Amino acid sequence: MESKGEYLSRREPAQEQTAPARREMIRTENLVKVFPGGNRAVDGLTFSVYEGEIFGFLGPNGAGKSTTIMILTTLLAATEGRAFVSGYNVSRDREQVRLHLGYVSQVLAVDDALSGEENLWLQAGFYNLSRQERKKRVDEVLELVGLQQRRKDLVETYSGGMRKRLDIAAGLIHRPRVLFLDEPTLGLDIQTRREIWSYIRRLREEAGMTILLTTHYMEEADQICERIGIIDHGRLMVVDTPANLKKSLGGDLIFFDFAAATGEEQRERALQRLREQPFIQKISPRGSEAHGFVAVTADGEADLPRFFAALAEINVKVSRVTLKVPSLDDVFLAFTGSELREEHGDKEKHMQERFTMRRLRT
Ligand SMILES: Nc1ncnc2c1ncn2[C@@H]1O[C@H](COP(=O)(O)OP(=O)(O)O)[C@@H](O)[C@H]1O
Ligand SMILES: [Mg+2]
């Protein structure tokens, strides 16, 4: 499509020649935000997001995700440290930064009483564009979020997912190269979340955008992000690909229980036997259950038959066996010591809405 070609061909020539294999589109150096009253919402963040990447900030409520995004989008000043978007310093070159980024806040900013198209026309009006150019851009973004068919309908007739897609489209009118999506699927049902995910992927694949999103949904981070930064109390605990994060826990997990009739001596012999097996990295008791253990192995599926064979040799029986590939939940727990809650309390939601501003206009 020619409209997508526009996205692909937009470049900033001044920075291109020096570009290494992967260009840093977002970079922060020891970023700190202390709110009046002393709340250290962001506490020394250093990270980079590379061109064409979907990078996810995963963390619970109050972790500092939105505050970081607001600093990067120039809506909030950092207390310490530096940040760059598309090579521009967010505190010194604010206008340039704003031209290069799109920001879609946690809260919908579309007008229900207008059609989808009218909303976008309004948004396009904030930029100094000819009528013809505006029309082209509106068509282009409607296409990107799959709303061409419904463009003339009032937004009040749209589903939740369509509203969010329109909101994202409005953030794309000025053809930013870097897009910030704060909790893009907050409050949407899982079906609709999946649909939004496919559009987010499409923005990367067809428009070549670099995307930083925040989420407290584990599955979202796992499904669409190439790299994830786990953030808690304003600090990055770890940054890596979802696959590596899961691997960092040391392999697959075999949960097993010894059969009820297994005596203590027999159990100790079996554990000894299992520990001698080269494919077993570690065995630990599972909580308070005397018969329950978990073994860590490099490749659960291949190791499971060996696991059974080792026990059969000494004639020890197990009752329940479950193979588990570590989930991001397990990783999150390991790095932060707490579980990620999926749902917001109303109070927290209210707080977040209070701090959310409407989309940037340059
Ligand atoms: N304008 C503000 N003034 C004071 N405290 C704030 C303000 N905005 C956010 N906070 C606090 O900063 C911390 C991080 O908030 P936030 O960045 O919204 O987290 P997240 O987006 O990860 O849920 C929270 O403790 C929150 O209450
Ligand atoms: Mg937030």
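Visitor: Which residues are the protein donors of the magnesium ion (ligand 2)?
Guide: In this predicted model, the donors are Ser-66, through OG, and Gln-106, through OE1, lying 2.1 to 2.2 Å from the ion. Donors here are N, O and S atoms within 2.8 Å of the metal (3.2 Å for Na, K and Ca), and water is not among the atoms, so sites may look incomplete.

Visitor: Where do Ser-66 and Gln-106 lie?
Guide: Ser-66 lies in helix H3 (residues 65-72), while Gln-106 is in the loop between strand E6 (101-104) and helix H5 (116-124), so the pair ties together parts that are 40 residues apart in sequence. Helices (H or I, at least four residues) and strands (E, at least two) are DSSP runs, numbered from the N terminus.

Visitor: And is Gln-106 buried or exposed?
Guide: Gln-106 is buried, at 9% relative accessible area, whereas Ser-66 is partly exposed at 21%. Buried means under 20% relative accessible area, exposed over 50%, and partly exposed in between (1.4 Å probe, protein chains only).

Visitor: New topic! How many salt bridges does the structure hold?
Guide: There are 26. A salt bridge is a side-chain nitrogen of Lys or Arg within 4 Å of a carboxyl oxygen of Asp or Glu. One of them joins Glu-29 and Arg-82, at 3.0 Å from N to O.

Visitor: Which parts does that Glu-29 and Arg-82 pair tie together?
Guide: Glu-29 is in strand E1 (residues 24-34) and Arg-82 in strand E4 (residues 80-85), so the bridge connects parts 53 residues apart in sequence. Arg-82 is partly exposed, with 42% relative accessible area.

Visitor: What does Asp-139 form a salt bridge with?
Guide: Lys-135 is one partner, with the closest N and O atoms 3.0 Å apart. Both sit in helix H6 (residues 131-144), four residues apart, which puts about one helical turn between them. Arg-151 also forms a salt bridge with Asp-139, the closest N and O atoms being 2.8 Å apart. This second pair links distant parts of the chain, as Arg-151 is in the loop between H6 and helix H7 (160-170), twelve residues from Asp-139.

Visitor: Which residues are joined into one network there?
Guide: Salt bridges with shared partners join Glu-117, Lys-135, Asp-139, Arg-151 and Lys-152. Of these, Arg-151 is buried at 15%, while Lys-135 is partly exposed at 45%.

Visitor: What should I know about the numbering and the values?
Guide: Residues count from 1 along each chain as its sequence is written, with chains lettered from A and ligands numbered from 1 in written order. Local features need pLDDT of at least 70 and side-chain atom pairs count only at pLDDT 80 or more, while totals for chains, interfaces and linings use all residues; side-chain values use heavy atoms, leaving out hydrogens and water.
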